[in-house]
Amino acid sequence: MLPPEVETLAKGVISYIPGIMKYSDVTHSISASYCYSTYLAHINQAHKTGMNPFPKVVAELGPGTSFGVGLAALLCGAEVYYAIDELPHARLDINIDALDQLVKLFRAKEDPTEERGTRKTLDRFPGHILTDRIMDENLDESRVKQIRQSLVRCLENGDSGSDEKIKFLYMHPFNGQDMLEPNSVDMLMSTVVLQVVQDLPEVYSCFAKWLKPGAWMSHFVDFSNYGMTKEWNGHWACSRLLWRLMQGNRPYLHNRAPHSVHVDLIKRNGFKITTDIPTYDYSGIVRSNVNSDFSYLTDDDLVITRSLIQAVKLE
């Protein structure tokens, strides 16, 4: 096998072959149980810090092929779901299957399961938040049917229609602050997406504009390079030229922004961080290996491999 750096470089070079990218799966479908666990983690942690766990208008950045986390939000009582992506990855068959599986999981009140290492600890099903009465209403057959019908209309037309009780809107490509109305969103989320966003300052400024005062956002951010170099944080040892060659003509690759950059952008855009739960990994490169472009990395940046970050928009 080739060393990871060589394999990543080869993929970057190959990506310049005309038409080759249509054969590349740039996003992967994730299971309904993962989406279920992820959304419950979002609202459970938010509830612990005093934020509203029942947002009515939910936006998600980078859902990929599956709206599963957004569908979980709708099954927990949300009424509007905005799916924002750079490319139109979503598939109807995957989403219909995800909806069916999620309904079963919520009706059974299954405890979340660990997948992909996004979280180090898991809570049991939050019955103190999603009470029997609340879930009986949310999972009523007629309401689930409305969600299904709106989902189908959305993926066939891009928008489920303004007159629907349950509304989907699928927007791509990402096109800045005018995509959503100012102060219109109750909760905004992403799951291992922000590490591939190329213009983080712009994206965080959009979050600040779209969220209502007092509304909140929740992001699982993965700072590792998922195998593109030998060490999980070896991307901070690569020069700009080498990293550009590694990316090649692919639509996106890791933006290499560390934990401290996200924290700074969140604060500068008028948010108060309410949760920051990092996972540490001490097996990567050390400061002496860091490229000069990243001399600003803090000691914590070098060992924080992922984090759940939640923040509330100040009034």
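User: Which exposed residues does the face of H9 turned away from its buried side carry?

Analyst: An α-helix has 3.6 residues a turn, so residues three or four places apart point the same way. In this predicted model, numbered from 1 along each chain as its sequence is written, local features need pLDDT of at least 70 and side-chain atom pairs count only at pLDDT 80 or more, while totals for chains, interfaces and linings use all residues. Side-chain values use heavy atoms, with hydrogens and water left out. The face in question carries Lys267 and Arg268. Here exposed means over 50% relative accessible area, buried under 20%, and partly exposed in between, with a 1.4 Å probe and protein chains only. Helices (H or I, at least four residues) and strands (E, at least two) are DSSP runs, numbered from the N terminus.

User: Which residues of helix H9 are buried, and what do they pack against?

Analyst: In H9, residues 259-268, the buried positions are His259, His262, Val263, Leu265 and Ile266. They lie on the same side of H9 because they cover an arc of only 165° around the axis, the arc being that of the directions from the helix axis to the C-beta atoms. Their packing partners are helix H7 (200-210) and the strands S5 (211-222), S6 (271-280) and S7 (304-313).

User: Which other residues call for attention on the same grounds?

Analyst: The loop between S3 and S4 holds asparagine 183, whose phi is positive, near 55°. With a relative accessible area of 42%, asparagine 183 is partly exposed.

User: How is the packing of H3 and H4 described, and at what angle do they pack?

Analyst: Two packed helices are described by the angle between their axes and the distance between the axes. Axes are lines fitted to C-alpha atoms, for helices over the stretch in contact, and angles run from 0 to 180 degrees between N-to-C directions. For H3 and H4 the angle is about 45° and the axes are 10 Å apart. H3 is therefore oblique to H4; angles under 35 degrees count as roughly parallel, over 145 as roughly antiparallel, 65 to 115 as roughly perpendicular and the rest as oblique. Gly68, Leu71, Ala72 and Leu75 of H3 make the contact with Asn95, Ala98, Leu99, Leu102, Val103 and Phe106 of H4, where contact means heavy atoms within 4.5 Å.

User: How do the axes of H2 and H3 cross?

Analyst: These axes come within 8 Å and cross at roughly 60°, which makes H2 oblique to H3. From H2, Cys35, Thr38, Tyr39 and His42 meet Gly68, Val69, Ala72 and Ala73 of H3.

User: How many residues of H3 are buried?

Analyst: Eight of the eight residues of H3 are buried, so H3 is largely enclosed by the rest of the structure. Glycine 77, which follows H3, has a positive phi near 120°.

User: Which residues touch the most other members of the largest nonpolar core?

Analyst: A nonpolar core is a set of buried Ala, Val, Leu, Ile, Met, Phe, Trp, Tyr and Cys residues joined through side-chain atoms within 4.5 Å. The largest has 47 residues, and Phe67, Leu71, Phe106 and Phe168 touch the most other members. Elements that give two or more residues to this core include helix H2 (32-48), helix H3 (68-75), helix H4 (92-108) and helix H6 (141-157). H2 contributes the most, with eight residues. A second, separate core of 42 residues includes Met217, Trp232, Ala257 and Ile304.

User: Where is cysteine 154 found, and with which residues is it in contact?

Analyst: Cysteine 154 is found in helix H6 and counts as buried, at 2% relative accessibility. Leaving aside neighbours within four places in sequence, cysteine 154 is in contact with Phe67, Asp159, Ser160, Phe168, Leu169 and Tyr170. Cysteine 154 and tyrosine 170 are 16 residues apart along the chain, and their C-alpha atoms are separated by 6.8 Å.
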